[in-house]
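Hi,

Here is the structure I promised to pass on.

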Amino acid sequence: MAASLFSVISRFLEEYTNTTPNKLKLVDAYLLYILLTGAFQFLYCLLVGTFPFNSFLSGFISCVGSFILAVCLRIQINPHNKGDFLTVSPERAFADFLFANTVLHLVVVNFIG
Amino acid sequence: MCLLSSLVLSGLVLGAHALTPSHHLAASDVARLEAVLSQSFTDLQSAYYSIVGLNKLGVSVADTDIPVSNETRDFLLAAVSEDSTISQIHNSVSTLSSLGLPLASQEVVSALTSRITKEDNVYAITLALQTAAHLSQQADLSGILEEIEDLAARLDDLGGVYLQFEEGLEATALFVTAAYALSDHVDMEPPLKEDQVIQLVNSIFSKKSWDSLSEAFSVACAAAALSNNRFHVPVIVSALGPATVSHRQPLLQLQVTNVLCDPLTSASVVVESASSVTTKSAILNQSPFSLRDGIFELNFMNSQPASGYYQFAVAVTGDSRLVANHIELKVKVSTEVVISNMDLSVVDKDQSIGTKTTRVDYPSKAKNSFVADSHQNFAMSFQLVDVNTGVELTPHQTFVRLHNQKTGQEVVFVAEPDSKNLYKFELDTAERKSEFDSISGTYALYLIVGDATLENPILWNVADVVLKFLDEEAPATVQTKTLYVPKPEIKHLFREPEKRPPTVVSNTFTALVLSPFLLLLILWIKLGANISNFSFSPSCILFHVGHAAMLGLMYVYWTHLNMFQTLKYLAILGSFTFLAGNRMLAQKAVKRIAAEQSSRLAKYRSLR
């Protein structure tokens, strides 16, 4: 069972490194960064406590929101999905990503206290 | 006054009889009215009010003879026309009639009728009624007579007790005067119901001091009209002093007068029924009052009533004009009480030692004091008896008061009667020690007896009782002394700030949370991020500058600004960055499309 799991994972990683274009890999690195940041915040909350709760919430929501927006960006600039996004060029996707992030971080900084 | 207002209510409740006056002039008020009208007058108007007013009250005033010239008479006659106001017509008509000069009555009637339609207010119509009372009886006064009913409809009924014009007391009183004057003149009963007459009496005579001479005059006129007209004479019945009867004062005395406080000596006053309020048994039936010196008297004690309250229904008859001549009255019969068979004893709780009762007679005090400790009860029994009839009484207040002479403390208990009306009081020393605060000592025992129907309330120091309590925890001072001393100050506890984790922990986790950023940079470099492709076009630089500025603004927002300021700066920076970014991305898009096209072209060429 473990052996098959390990082989699946190694196969997946191999395919990923070979087939994914560089642009997408950059975005994936960004996604990993956001994920880790959120996880560490949650770990702090579990270990030390929820004071101040509003700060924790705003930081965590920031991570979650950024992750979602980055995923959206990744979907939109993936050349495979070009057929689904005929009206949206990669530049447009990136501009949307920037705008949405601005709004998100405005709210986050408001709430962080 | 209270009595009559209470009997107005009882009259309404029973619904059997009509209203009775709740406000009327007492003899002192009539005297005051005369005094007001007797003041010396400085002008013709005051002279008129004084002379005519006193005349109405029956006070004689010196006659004056005024010679009249022909011109004056013609002037007065000419004043009677449609063009003069009703007041002018009234003045000239009353002057002519009091001087004994002839009038043209029909002309006056037609002038008045036309003026009434033009001057529709209460005072004017009242004056018209008054004018018509001076005219000859042959004239057709029916039109003006109808005005009485119309005016009466304009009266305001206040709570079923008062009936008056909104113009006030004077207008109401003058209306009453004029209405009765005219009704007497034409010998037709005014269209006022008995209840309305009584309500008018209430309104006019509720004010006992008058603001002006004209107001006093109007009240005097109304009083005269109501006490001496052919149709309605309201009767005022009130008890002389409190309506109380006892063995010492067995006569119930009533004042039966008209509104001017003149006794109605020709009337016969009869008690239709008198019944006890508690037992509802009738004591009297159709007993007459006898008249003596203007007061109607009845010896109620002849019927041997028991003490208590009695409801009397009194009727005044003898004249068909009398109004409100059925009255309800509450009479109190009071008596004296005597305490008999007062027995005091100290009883052991387990009843082992026989009781030794000591009899004490009022008003002496028991010679020895009684000692009771926690094993014993102190008991007292007595009877309260009516001194005249020997009947047992149950007064409202029968208290036993124990007074500690040293500390000034007093405790009061209630003595209750049993089924045979024998009063008993028992003091259980152990049970009651909380009331006494467990203070042992000598207490003076008092018996207090009182009731509304008792003429001799009793406060009797019966005996001294020495009480011994166990566990004497006597407080040094009485509790009440410390009640009004400033209380201890309450310190407000402000909300304590929440506990924070130690700085080391916070710093560690800050570093931990920021560490993935380093990882990101490392990964990006490893992946070979295309920094070399960075074009130095102005829009590109400006975009990056603007974006960096926006990030800086976020930090400044966190530290210094509020949302409104931030939005303002963000709008400026944002639009700038948007324009630069738009330019930059457009250029990038052009480059990308060109690259795609050239690669496709190359692929096509290689395929060929």
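Is helix 10 (residues 194-204) of chain B mostly covered or mostly uncovered? Mostly covered: nine of its eleven residues are buried, where buried means under 20% relative accessible area, exposed over 50% and partly exposed in between (1.4 Å probe, protein chains only). Helices (H or I, at least four residues) and strands (E, at least two) are DSSP runs, numbered from the N terminus.

Before going on, a word on the basis: this is a predicted model, where local features need pLDDT of at least 70, side-chain atom pairs count only at pLDDT 80 or more, and totals for chains, interfaces and linings use all residues. Residues are numbered from 1 along each chain as its sequence is written, chains are lettered from A and ligands numbered from 1 in the order in which they are written, and side-chain values use heavy atoms, with hydrogens and water left out.

Back to helix 10 of chain B: its buried residues include B:Gln196, B:Asn202 and B:Ile204. They pack against several elements of chain B, among them helix 9 (169-186) and helix 11 (213-227). Contact here means heavy atoms within 4.5 Å.

Next, the cores. A nonpolar core is a set of buried Ala, Val, Leu, Ile, Met, Phe, Trp, Tyr and Cys residues joined through side-chain atoms within 4.5 Å. The largest has 63 residues, and B:Phe175 and B:Phe205 have the most contacts inside it. Apart from it lies another core, of 36 residues, including B:Leu384 and B:Phe436. Leaving out residues up to four places away in sequence, B:Phe205 touches B:His23, B:Leu25 and B:Val259, among others.

Then there is the interface. 34 residues of chain B are in contact with 30 residues of chain A. The two chains bury about 2800 Å² between them, 79% of it on carbon and sulfur atoms; buried area is the accessible area (1.4 Å probe) that two parts lose on being put together, summed over both. B:Phe509, B:Leu527 and B:Leu585 supply 20% of the area that chain B buries against chain A, more than any other three residues.

The rule finds two salt bridges across this interface, each a side-chain nitrogen of Lys or Arg within 4 Å of a carboxyl oxygen of Asp or Glu. A:Lys82 forms one with B:Glu596, the closest N and O atoms being 3.8 Å apart. On the side of chain B that touches chain A, helix 12 (503-527), helix 13 (538-559) and helix 14 (563-607) each give two or more residues. Helix 12 of chain B gives the largest share, 13 residues.

Cheers
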